[in-house]
Amino acid sequence: MNRLTTPFGSYELTRFPEDPRDRLRAWDAADEYLLRHLASGTGERGPVDLAGAGQITVLGDRWGALTTALAAFHPTQITDSYLSRASTAANLDRAGIGTAKSTVRLLTTQDPPPERIDVLLVRVPKSLALLEDQLYRLAPHVHAGTVVVGTGMVKEIHTSTLNLFEKILGPTRTSLAEKKARLIFCTPSATATRGDDPWPVTYKLDQEAGSGAGLTAVNHAGIFCADRLDVGTRFFLQSIPTNTNGARVVDLGCGNGIVGTAVAVADPRAEVVFTDESYQAVASAKATFRANVHRERERADFLVGDGVAMLDPGSVDLILCNPPFHSHQATTDATALRMFAQSRKALRPHGELWVVANRHMGYHTHLRRLFGNSEVVASEPKFVVLRAVKQDRPRPM
């Protein structure tokens, strides 16, 4: 836990889930820069009076630092991340603020946005596609007087980033850099020639996609490799078991859901659970499933959450996982290791966890420590598919 000191107050903030070993802070210089700017009371078109500004919307607040600091002004947060949303709620509670509708409103990228937005604060996401989609969604709700300020680290703000603001909302410029962070100032214009939102994207998998060959994928903006099938998943689809004998199968970190959908198509008796911490991903998985599975009774569940933490222990036969190794801009194996530990708990005895990953991540070592075993199912120079089986006798954790 670390303390963020801002012109609006001082707050103890953590990421979610809390881990005392995690040295990554719940904010960075870009958050601090935006808060200092807002507190200065100056803007591109005169003073910014947050108390009388009207509806304030915070898009992409990563761990709730902006929302918590601005809670006195009753902001609405919009995020694609379950973990970010949970972190925000925890940080607000710790600050004694809570998430009552009269104080702070927490929305997802799949929820209808506020009808009118008077101040739009944008934390630039890693995904340019997600930024594009969300600006398109919010554009009809801003007006000529809306104050629009974005923030990000210098390495996150590119010409393409500025072009999106300019195209979708209106004239855009950046600030000078401070502590390797920049601000983006945008003036909404009724003459912006934004066109139509290109998301979601739909495409058909080719014959080299293994068990996914011929299936239709539907990708909402923001999921990994959003406009095509990523090479790791393509390799995974060539190896996954599809004759599950009616098993309960989890597509963990489902992305567009093509892995779980391939299982459902191959074995109509299978009960497939799609889970991801991204609201965009779960919406994609639902759309992909419905585009390919044509039967009256769909044996599928779609859950947004922290891995498989919401599933009952010993309730799953097979878990298929292509784990992420980034948390925003940071490279880390923490998310994957948490997924593996959760999977061991959720699996029945003799249940199996299948993982595809970059070979250099060395996940076989972690799986062997957790499960007591790890088998290489398939490999190539860059990727490896691993299989771990839950034993009858619990291993000490």
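1. A residue is called buried here when its relative accessible area is under 20%, exposed when that area is over 50%, and partly exposed in between (1.4 Å probe, protein chains only). By that rule Cys254, with 7% relative accessibility, counts as buried. Cys321, at 0% relative accessibility, is buried too.

2. A word on the model before going further. This is a predicted model, in which local features need pLDDT of at least 70 and side-chain atom pairs count only at pLDDT 80 or more, while totals for chains, interfaces and linings use all residues. Residues are numbered from 1 along each chain as its sequence is written, and side-chain values use heavy atoms, with hydrogens and water left out.

3. Back to the cysteines. The structure has 0 disulfides, a disulfide being a pair of cysteine sulfur atoms within 2.5 Å. For Cys254, the nearest cysteine sulfur belongs to Cys321 and is 11 Å away. Cys321 is likewise in no disulfide, its nearest cysteine sulfur being that of Cys254.

4. Next, have a look at helix α10, which spans residues 363–371. Helices (H or I, at least four residues) and strands (E, at least two) are DSSP runs, numbered from the N terminus. In α10, Tyr363, His366, Leu367, Leu370 and Phe371 are buried. Seen down the helix axis, these buried residues fall within an arc of 110°, so they line one face of α10; the arc is that of the directions from the helix axis to the C-beta atoms. An α-helix has 3.6 residues a turn, so residues three or four places apart point the same way.

5. What do the buried residues of α10 pack against? Their partners are α9 (334–346), β18 (347–358) and β20 (383–389), where contact means heavy atoms within 4.5 Å. Just after the helix comes Gly372, with a positive phi of about 85°.

6. His350 has a phi near 75°, a positive value in a residue other than glycine. With 51% relative accessibility, His350 counts as exposed.

7. His74 also has a positive phi, near 55°, and is not a glycine. You will find His74 in the loop between α2 (65–69) and β4 (76–79). Its relative accessible area of 47% makes His74 partly exposed.

8. Finally, please check two cis peptide bonds. One joins Phe16 and Pro17, with omega about -5°; Pro17 sits in the loop between β2 (9–13) and α1 (29–40). Another joins Trp199 and Pro200, with omega about 5°, and Pro200 is in the loop between β9 (181–186) and β10 (201–204).
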